[in-house]
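This briefing covers helix packing, the chain interface, salt bridges and backbone geometry. The points are grouped by topic.

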Amino acid sequence: MTTDHLLPALPVIPLFGALLAVIVPLNALWVVLLLVTFGILGSLISLFAVLVSKGPIRSSLGGWGVPLGIDLYVDGTGMMLLAMTAGLMIAITFYSHAYFGHGRRARRFWPLFLLVWASLNNLFVTGDIFNMYVTLELLGLLSVGLIALAGTPAAYAAALRYLLAALCGSLFYLLGVAMVYSNSGNLDWMVLRFHLVSGPSAYIALGLITAGLMLKSAVFPLHFWLPPAHANAPAPVSALLSALMIKASFYIALRMWLWVFPGSIPTETAGPLFGVLGAVAIIYGSLQALRQHRLKLMIAYSTVAQLGYLFVFFALSMRPEGMEQALQAVVFFAVSHAFAKAALFMASGAVIRSYGHDWIDGLQGSAERLPAVMFAFGIAGVSIMGLPPSGGFVGKYLLMNTAVEQGQWFWAVVPALGGLLAAAYIFRVINIAMKAGRAAPLARPVGSGLIWPAWGLAIIAVLLGLLALRPLEIIAIGSPVFEAGLLPPGGAP
Amino acid sequence: MTASLWYALIGAGLVTLGLHSLTLTPHVLRKVIALNIMGNGVFLMLISLARRLPDATNPAPDPVPQAMVLTGVVVAISSTALALALLRRYYEASGRTHLPEDDALWGIEEEPPGRFAVMPDGEDDDDH
């Protein structure tokens, strides 16, 4: 099997799995899930070997070539995100099995779940910015279906609100893609920087694309849809949305700002704008998280804050001198946030399952009743706060380091403050959980299936910090930021 | 003014109208229609680009934007269907056609559901 088969396999395997999941009876579904998981892991490992030995991998679907067909492409950044997706999806598979069991909702959940995996894989391997639009729409529609699975009026309202926001955002993105195409006659993000002509249409395109993606990734003033959507969804879906879906539109923004537009637009001038938005998001999101009375809403607001970090990274990565480190830091931070946040939502799902509610004040003594769940919550919290040796710490450390090296020390102040605020909201929950005396009784015992996936992810989030060097090297493989002048094989622009 | 510029301007107008309605009307059905109008504006702009691009040696219109519009139309139809189905569910479950924050924003008190409204029967379909 060559890489020409391996790359399309990543989206195709879960796609077929999703189709099978519609017809296969629930008690035989594990066969499909097992096949999909091993298929994807096998392809990822072989791709990884090729990536490390030969550098970025490119393949033309059906041999059509760039102007008509769609090229698939994987570099270190894409590989890292594909691996993150696989790791989280496997953990969420186990968790969802324990959460949904064989109920009627399970029937509806699994096809959507596998389609999400297919869409995310497709997004991270596609080389075509219009194809990115299609995966964005797919992910948006799938999220809506998944949120509505909760079946409560609040969840329907959240799903509708998200759908309207997501569609509006994608239309802006599509309009931007149209402008890019009219400017350059090309849609391939690896070579676009050589084709884009500087001028008003490039500015308008970048503006439209950025506005659409900011709405979709819930950057501060446009975050209104996120907390209700992430808090009202069933717990496995919340983990999926907060850990992975948010990264999809962020990934596109990253490709646009660091790969596509730097040649035609002086992107570094826009850096401070992102920095300010990100900084406000960190402060606002953390303060809102502190004010919440519901555990899941608190975690959702924490996502708003953590997205702020990603955009502060943006401010730093625009400058040529700090680009390398900032790119490594931002992808690494996104990955460790994904693991930690999924673990937090999984723990909150176990809390809801056992208590029947997620009011933070009602969790007194839960550390005694649910020690394993609260332990997972605390460990994941370590990474969210950014304490050493967690992945969150390494990400923030790289960020502060880059900021100081560039002489922009003020971007180092906000993450430090954000870390303090994160500690405040995580410890508020731990504090109430640790309170001795009148521990509220559990409504239901919680099965181990809801606990150990959360443990696994929380521990990975912490270990990422200890084993950070290798992932950071991988992220850097084949990035045009490092080798400005990457050309497609056999075709000069 | 060329024909393609004219189409592009109309497209931009439709996008603006749609965006206006999407943000300022509280009824979700109108928001869905507004999104469709926005989408049509975007498609019109894409089509106008298809006419403009080809060079003098090759007068045929560019196929790529047309393929993009076809894909976009499919996406728009499916998302509209999903939005309508979801709106029905929302209405059945809550008796409302506005999102809560829109009512708060405009100070509207939505009329109670009419006599044809299907109210939820409280059945939990989780354990079937």
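Axes are lines fitted to C-alpha atoms, for helices over the stretch in contact, and angles run from 0 to 180 degrees between N-to-C directions. The model is predicted. On that basis, helix 13 (residues 323-355) of chain A and helix 19 (residues 469-476) of chain A pack at an angle of about 115°, their axes being 9 Å apart.

**Helix 13 and helix 19 of chain A**

- Helix 13 of chain A and helix 19 of chain A make a right-handed crossing.
- Helix 13 of chain A contributes A:Leu327, A:Gln328, A:Val331 and A:Phe332 to the contact, and helix 19 of chain A contributes A:Pro471, A:Leu472, A:Ile475 and A:Ala476.
- By class, the residues of this contact are seven nonpolar, one polar and no charged.

**Helix 3 and helix 10 of chain A**

- The axes of helix 3 (residues 76-100) of chain A and helix 10 (residues 235-260) of chain A come within 9 Å, crossing at roughly 165°.
- Angles over 145 degrees count as roughly antiparallel, and helix 3 of chain A and helix 10 of chain A are therefore roughly antiparallel to each other.
- Helix 3 of chain A passes helix 10 of chain A with left-handed crossing geometry.
- On the side of helix 3 of chain A, the contact residues include A:Leu81, A:Met84, A:Leu88, A:Ile92 and A:Tyr95. On the side of helix 10 of chain A, they include A:Ala239, A:Leu240, A:Lys247, A:Tyr251, A:Arg255 and A:Trp259.
- The contact of helix 3 of chain A with helix 10 of chain A has 17 nonpolar, four polar and two charged residues.

**Helix 11 and helix 12 of chain A**

- Helix 11 (residues 271-291) of chain A and helix 12 (residues 295-317) of chain A have axes that come within 7 Å and cross at roughly 160°.
- Helix 11 of chain A and helix 12 of chain A are therefore roughly antiparallel to each other.
- The crossing in which helix 11 of chain A passes helix 12 of chain A is left-handed.
- Among the contact residues of helix 11 of chain A are A:Gly271, A:Gly275, A:Gly278, A:Ala279, A:Ile282 and A:Gly285. Those of helix 12 of chain A include A:Met298, A:Tyr301, A:Ala305, A:Gly308, A:Val312 and A:Ala315.
- The residues of the contact between helix 11 of chain A and helix 12 of chain A comprise 15 nonpolar, eight polar and no charged.

**Interface of chain A and chain B**

- In chain A, 31 residues are in contact with 38 residues of chain B.
- About 3,200 Å² is buried between chain A and chain B, and carbon and sulfur atoms give 80% of this area.
- Between chain A and chain B the count is zero salt bridges.

**Salt bridges**

- Over all chains, the count comes to six salt bridges.
- A salt bridge joins the side chains of A:Asp71 and A:Arg58, with an N to O distance of 2.7 Å.
- This pair links distant parts of the chain, 13 residues apart: A:Asp71 is in strand 2 (residues 71-74) of chain A and A:Arg58 is in strand 1 (residues 57-60) of chain A.

**Backbone geometry in loops**

- The peptide bond running from A:Pro388 to A:Pro389 is cis, and its omega is near 5°.
- A:Pro389 is located in the loop between helix 15 (371-385) and helix 16 (391-405) of chain A.
- A:Ala218, a residue other than glycine, has a positive phi, near 60°.
- The loop between helix 8 (200-216) and helix 9 (226-232) of chain A holds A:Ala218.

Notes
Residues numbered from 1 in each chain as written. Chains lettered and ligands numbered in written order. Predicted model: local features only at pLDDT ≥ 70, side-chain atom pairs only at ≥ 80, totals over all residues. Heavy atoms only, no water. Helix = DSSP H or I, 4+ residues; strand = E, 2+ residues; numbered from the N terminus. Parallel < 35°, antiparallel > 145°, perpendicular 65-115°, else oblique. Left-handed = near helix turned anticlockwise from the far one by under 90°. Contact = heavy atoms within 4.5 Å. Nonpolar A, V, L, I, M, F, W, Y, C, P; charged D, E, K, R; others polar. Buried area = accessible area lost by both parts, 1.4 Å probe. Salt bridge = Lys/Arg side-chain N within 4 Å of Asp/Glu carboxyl O.
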